[in-house]
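This report concerns the salt bridges of one protein model. Please look at the sequence and structure below before reading on.

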Amino acid sequence: MSNLVIVESPAKASTIKSYLGSGYRVVASKGHVCDLPKSRLGVDIENDFEPKYINIRGKGDLIKELKKEAKASKTVYLATDPDREGEAISWHLATVLGLDEKKAKRISFNEITKPAVKAAIAAPRQINMDLVNSQQARRILDRIVGYQISPLLWRKVKNGISAGRVQSVATKLVVERENEIRAFQKVEYWTIEAHLLAGGSKAFKAKFYGGPNGRMDIHNADEAEVLYQALAGADYTVSGVKKSVKTKNPAPPFTTSQLQQEAFKKLNFQSQRTMRIAQELYEGINLGKKGDHGLITYMRTDSLRISDQARDAAKEFIVNRYGADFYPSSPRVYKTKGTAQDAHEAIRPTDMSLPPEIVKPNLSSDQYRLYKLIWDRFIASQMTSAVFDTVSAEISADTAEGARYIFKASGETMKFAGYTAVYEATKDDDKAEEDDAKNARLPVLTEGAQLKLDSLEREQKFTQPPSRYTEATLTKALEEMGIGRPSTYTPTLTTILARGYIERKAKQLVPTSLGEVTTDLMQKNFSTIMDYGFTANLERELDNVADGKEDYKELLRSFYSGFKVLLDAADKNIEKSDIDLKEEELDIVCDKCGSKMVVKHGRFGKFAACPNYPECKNTMRIDRNGNVIAKEEDKPVEGMVCELCGGPVVIKHGRFGDFYACANYPTCRYTKQIAKETGVNCPKCGGKILVKRGKQRVFYGCENYPDCDFSTWDMPTNKKCPECGALLLVKKGKQKLYCSNKGCKYTEDYTEQ
């Protein structure tokens, strides 16, 4: 009998399969196999919060196959992700498959490499029920809040909206920031900058500071004019010079939130995109002759810890590539925050023999860019500090009237690159501007030296309101406040965007009218749940459950006793007439009734709709750029009749493209997808290859089906393989062309035209 290894994803299964011998079968559960039902609460509150799990719809055949595999196996290794969610998936698998403790063995690994997988197989353990119960507690808490407040909001505010334990708090942050910006009062101030010459050097800049007694603020144009006139004829002298050596330390290796923030700043990746690519790098990439290989450690972590082996390998790489001077006298160790779970290492490369330039041919553009970011950050985190020579000068300006004013200038030059030879963390815009001013090059200045005024500039400025959140800064705020955990940042952002509580404007996050009204309502009626400190403390309690220090049922009882009081009070106090939900009005007139269209939020994003619904049901599409696409009047397709009722057929626009539909809908529900041509001929029969839609995703197939059975998941091209002449296909998710002939291994880089 062979052994069975169950993982979540097919990609991970493929990688692990390559590490284990013929005595192991590796299969994927494709995520959770059971969950709380979507249509109801699924938690028996009266029976001490007992969850009612059901098998996920559509996974019946998979569960049958897994049961069959498990029954025929000697040992079943549950190798789901090494976190609470993964532990819960393993527990559900053991339950659904009917595995006893002797047969079911839990294994986990922080990286998917051959040594890590082999070590895990050699040291299996039992399922950790503390981790499972922590995940159950979070799931049940979120269910109670979402499924008991949301129906209240449907009745009182608007059908279809929802509340969430963490998502409502995240929305509140964005709403409060917008309110700060609206309430902000600009304050005028002026700056004066002198361009000075020292001997034959180029002019350098010095900023007005004040007088001998300290800093002076310039409040208005009149004050600026008086100072400007006085300083224009002043004598400038270097009154003080201070030289020093400054060191800058590298940033630590990535945690989940730091990776999301830096990928947003450096690569312009939204958090969902970052985590998807990181998952691919973790689960394994086919490196050709080297086989499948997980390139990074587990990407959901709040720890800064790294293993001794990884630190030693980094040292060897740094010394060999950059020299001994670039490695510190003692290894760098970073302290993890006290609120962190610290369950895994920081995000780092798994193998120092696989630098980005070596594996680049096997990676897509996005995979390469993110892998390089993780690699560079990790290597830099282990290197010596950068060293700078700094100089700051105080310059006296003595006016003809006998007054003395002070200007200041500073600059620095790099003495030793250290970690900056590899990587520098991206600064926020305001911090970057401030550092640029400090890093200017100054000429050699000596105390008492006379300077010549080249020019004098004055500028009116105004204090600026706080910046709106971006995905990066909102994630940073959530982390700093202890709200959520590494696995929740991306789902939280995705949810509040999808449900129309906030929206993106350029890179900024802005609350919608719906988001503001819902936040105000939640704050008035569920202030405890909306409290940042309460939410953060609840996260700490969930951590205590995971550590075995607190009973999860007791946590649920304590939470619900207070929540039920708020829920009952809100049901009595909220009046629908008190809710003023303003809809965004468009400058587009409904072509059916003449009213101005408004913006609505649906399952697939924003769309324009007539405000007179349900009397008028006219809608229009809104594209990604915010442009409204007016619908053309449905016209019968000439020469085509409905195959069911013989009525006229019109063209409709759907989620998956254009399709034919009977004009007698809903009496007749005939539809037929309109075939989209690829411009490529079938290699089997010469027919046209069409874009087709399956149950799960798009695929490509011959127009002559079922007579011709050619089909592929990957996009066909008109290029022929130079080695065997077969059709070349584009590898899904990668910028690679490969030969459709399974016996031919030809590949080449692909650039979309």
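A salt bridge is a side-chain nitrogen of Lys or Arg within 4 Å of a carboxyl oxygen of Asp or Glu. The model is predicted, so local features need pLDDT of at least 70 and side-chain atom pairs count only at pLDDT 80 or more, while totals for chains, interfaces and linings use all residues. Residues are numbered from 1 along each chain as its sequence is written, and side-chain values use heavy atoms, with hydrogens and water left out.

The structure holds 38 salt bridges. Three of them are listed here.

| Pair | N to O distance |
|---|---|
| Glu 69 and Arg 25 | 2.6 Å |
| Arg 348 and Glu 111 | 2.9 Å |
| Arg 468 and Glu 178 | 2.8 Å |

Glu 69 and Arg 25 meet through their side chains. This pair links distant parts of the chain, 44 residues apart: Glu 69 belongs to helix H2 (residues 60-71) and Arg 25 to strand E2 (residues 24-28). Helices (H or I, at least four residues) and strands (E, at least two) are DSSP runs, numbered from the N terminus.

How accessible are these residues? Buried means under 20% relative accessible area, exposed over 50%, and partly exposed in between (1.4 Å probe, protein chains only). Glu 69 is buried because its relative accessibility is 15%, whereas Arg 25, at 39%, is partly exposed.

In the second pair, Arg 348 is buried at 5%, and Glu 111 is buried at 14%. In the third, Arg 468 is partly exposed at 25%, while Glu 178 is buried at 6%.

Finally, a network of salt bridges links Glu 8, Lys 12, Asp 81 and Arg 300.
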